Amino acid sequence: MIQRYHSIKCPYDGIIEKVYISENCHVYEWENLFLIKTTEGKIEGISVGASGHITSLVVNQGDQVRRNMRLASLQDDFIITGSD
């Protein structure tokens, strides 16, 4: 079954360094949505393998996040935008 809604979850413990999205904005697959400064001090980008519209944004820059915490929700538009 094709998933129409995606929950974008944080794979790290850390702090939100940068938020590139806002509610109702359109994003492309593998586009950076957030930058996280991990508890180890690394800066990691967060992206998702789907394109569509952000339906909710749960965090802001400076927020502390935990692994598996929901950061945002995405409604998939089912348009394939990747390339080789």
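Strands are DSSP runs of E with at least two residues, numbered from the N terminus. Two strands pair if DSSP finds at least two bridges between them. Within strand 5, Glu-44 is the bridge partner of Ile-36.

The model is predicted: local features need pLDDT of at least 70, side-chain atom pairs count only at pLDDT 80 or more, and totals for chains, interfaces and linings use all residues. Residues are numbered from 1 along each chain as its sequence is written, and side-chain values use heavy atoms, with hydrogens and water left out.

In general, strands of a sheet pair through backbone hydrogen bonds, either parallel or antiparallel.

Another open sheet of four strands has the order 1-8-6-3, with antiparallel pairing. Its edges are strand 1 (5–9) and strand 3 (26–27). Each of these has a single partner strand, so one side of each lacks a neighbour in the sheet. Inside this order, strand 6 and strand 8 run antiparallel and are joined by five bridges. Leu-57 stands opposite Ala-72 in strand 8.

The largest nonpolar core has 19 residues. Such a core is a set of buried Ala, Val, Leu, Ile, Met, Phe, Trp, Tyr and Cys residues joined through side-chain atoms within 4.5 Å. Buried means under 20% relative accessible area, exposed over 50%, and partly exposed in between, with a 1.4 Å probe and protein chains only. The residues with the most contacts inside the core are Ile-8, Ile-16, Ile-21, Phe-34, Ile-54 and Leu-71. Strand 8 gives the most, with three residues. Ile-8 touches several residues (heavy atoms within 4.5 Å), among them Phe-34, Ile-54 and Leu-71.

Ser-51 lies in the loop between strand 5 and strand 6 (52–57). Ser-51 counts as buried because its relative accessibility is 1%. Its side chain and that of Asp-77 are joined by a polar contact of 2.6 Å. A polar contact is a pair of N or O atoms within 3.5 Å; within protein, one must be able to donate a hydrogen and the other to accept it, and residues adjacent in sequence count only if both atoms are side-chain atoms. A polar atom of the Ser-51 side chain also lies 2.9 Å from the backbone oxygen of Ile-79.

Note on methods
Lists of a residue's contacts leave out its neighbours within four places in sequence.
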